[in-house]
Amino acid sequence: ISESKESLMPVFQSEGFALAYEVHGEGRPIVAVHGFASNGNVNWVATGWVKELTEAGYQVITLDNRGHGGSEKIYDPSVYGAPDMARDVANLIDHLGFEKAALIGYSMGARISAFVCIQNPEKVACAIFGGLGGNMVKPMLDSDEIIAGLNAPTLAEVTHKTGRQFRIFAEHTKSDLKALSACMAGSRTRMSPEQVRQIDVPVLVAVGSEDDVGGDPQALAALMTHGEALTIERRDHMRATGDPQFKRGALD
């Protein structure tokens, strides 16, 4: 995403931070919340999601989370808790004048969306948690290695598989590595099974069959009153994002 494109994005103030977003299409609103080290454009536009959803008659609002994309870069881990970033989503829904919106979140964005469902259920019509299943209620794997990978002077010095994977992705998205490191340190907010059971809106949990990062979708869906699971066949955490199986399941 180019600097010029980022500078043209609308910005709103949430919890004291300037956050960028874009509105696509017309119709019932869907707020799309991207994953770690990504942004609204990379996660939702480049993967074909925005085209698919707008053609189906929805209005898609892509948000750049704190420290990502066109949004303000912050270097204090204490402001990156998933419940804090969930308030940004709720504030965006209010800012745009919607009574309710559907949510679709991927990976970190799924965790953020889950906290919106708990903190502001009155604003959520339904939700889709992509790339995060049973591991939502478990301690995050490899987070220290990801932080080390982001903080390393060069990619060549990153040898851990997951750390290297995220460093490559962060460089691809032209992200601020220091802001991402702070985000990873602060956003590892674990959600307990008891909290997940509080979610009372319809939720689809969609995770790739080869996704070790996200875990079993059925394990998370089973905790919710209106939970439904979708396994995205033959896809891992990085390759499930724009998969046609995921899109079909979400639209259904």
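Reader: What does the side chain of Ser-187 reach?
Author: The Ser-187 side chain reaches the backbone oxygen of Cys-183, at 2.7 Å. Keep in mind that this is a predicted model.

Reader: Thanks. Where's Ser-187 placed?
Author: Ser-187 is in the loop between α8 (177-186) and α9 (193-197).

Reader: Is Ser-187 buried or exposed?
Author: Buried: the relative accessible area of Ser-187 is 7%, and the cut-off for buried is under 20%.

Reader: Which residues is Ser-187 in contact with, leaving aside neighbours within four places in sequence?
Author: Ser-187 is in contact with Tyr-80, Gly-81, Ala-82, Met-85, Met-108 and Arg-111.

Reader: Nice. Let's zoom out. How many helices and strands are there?
Author: The protein has eleven helices and eight strands.

Reader: And what's the radius of gyration?
Author: The protein has 17 Å. A compact globule of 252 residues would be near 18 Å, so the value agrees with that. Along the principal axes, the C-alpha trace spans about 45 × 40 × 30 Å.

Reader: What share of the residues counts as buried?
Author: 56% of the 252 residues count as buried. As for the surface, the protein exposes about 10,600 Å², with carbon and sulfur atoms supplying 50% of it.

Reader: Good to know. Switching to helix α11 (residues 244-251): which of its residues are buried?
Author: Gln-245, Phe-246, Lys-247 and Ala-250 are the buried ones in α11.

Reader: What do those buried residues pack against?
Author: They pack against α3 (49-55) as well as four strands: β5 (101-106), β6 (124-130), β7 and β8 (227-232).

Reader: And what happens at the start of α11?
Author: There, Asp-243 has a side-chain oxygen that reaches to within 2.7 Å of the backbone nitrogen of Gln-245.

Reader: What about the phi of Arg-234?
Author: Also positive: Arg-234 is at about 60° and is not a glycine. Its loop runs between β8 and α11, and Arg-234 counts as exposed at 58% relative accessibility.

Reader: OK, a lysine elsewhere. Is Lys-123 buried or exposed?
Author: Lys-123 counts as buried, at 12% relative accessibility. You'll find Lys-123 in the loop between α5 (108-119) and β6. Setting aside neighbours within four places in sequence, Lys-123 is in contact with Ala-90, Ile-93, Asp-94, Glu-99, Lys-100 and Ala-101.

Reader: And Ala-37, buried or exposed?
Author: Ala-37 is buried, with a relative accessible area of 0%. Ala-37 lies in the loop between β3 (28-33) and α2 (40-45).

Reader: What's in contact with Ala-37, beyond neighbours within four places in sequence?
Author: His-68, Phe-169, Ala-170, Thr-173, Ser-175 and Leu-180 are in contact with Ala-37.

Reader: One more loop for me. Where is Asp-212 placed?
Author: Asp-212 is in the loop between β7 (203-208) and α10 (217-221). At 66% relative accessibility, Asp-212 counts as exposed. Not counting residues up to four places away in sequence, Asp-212 touches Asn-135 and Leu-141.

Reader: Last stop, Glu-145. Which helix is Glu-145 in?
Author: Glu-145 is in α6 (residues 143-151), and is partly exposed, with a relative accessible area of 32%. Apart from neighbours within four places in sequence, Glu-145 is in contact with His-160 and Gly-163.

Reader: Great, thanks for the tour!

Definitions and conventions:
Residues are numbered from 1 along each chain as its sequence is written. This is a predicted model: local features need pLDDT of at least 70, side-chain atom pairs count only at pLDDT 80 or more; totals for chains, interfaces and linings use all residues. Side-chain values use heavy atoms; hydrogens and water are left out. Helices (H or I, at least four residues) and strands (E, at least two) are DSSP runs, numbered from the N terminus. Buried means under 20% relative accessible area, exposed over 50%, partly exposed in between (1.4 Å probe, protein chains only). A polar contact is a pair of N or O atoms within 3.5 Å; within protein, one must be able to donate a hydrogen and the other to accept it, and residues adjacent in sequence count only if both atoms are side-chain atoms. Contact means heavy atoms within 4.5 Å. The radius of gyration is taken over C-alpha atoms; the globule rule is 2.2 Å times the number of residues to the power 0.38. Accessible areas come from the Shrake-Rupley method with a 1.4 Å probe; for residues, only the protein chains shown count as cover.
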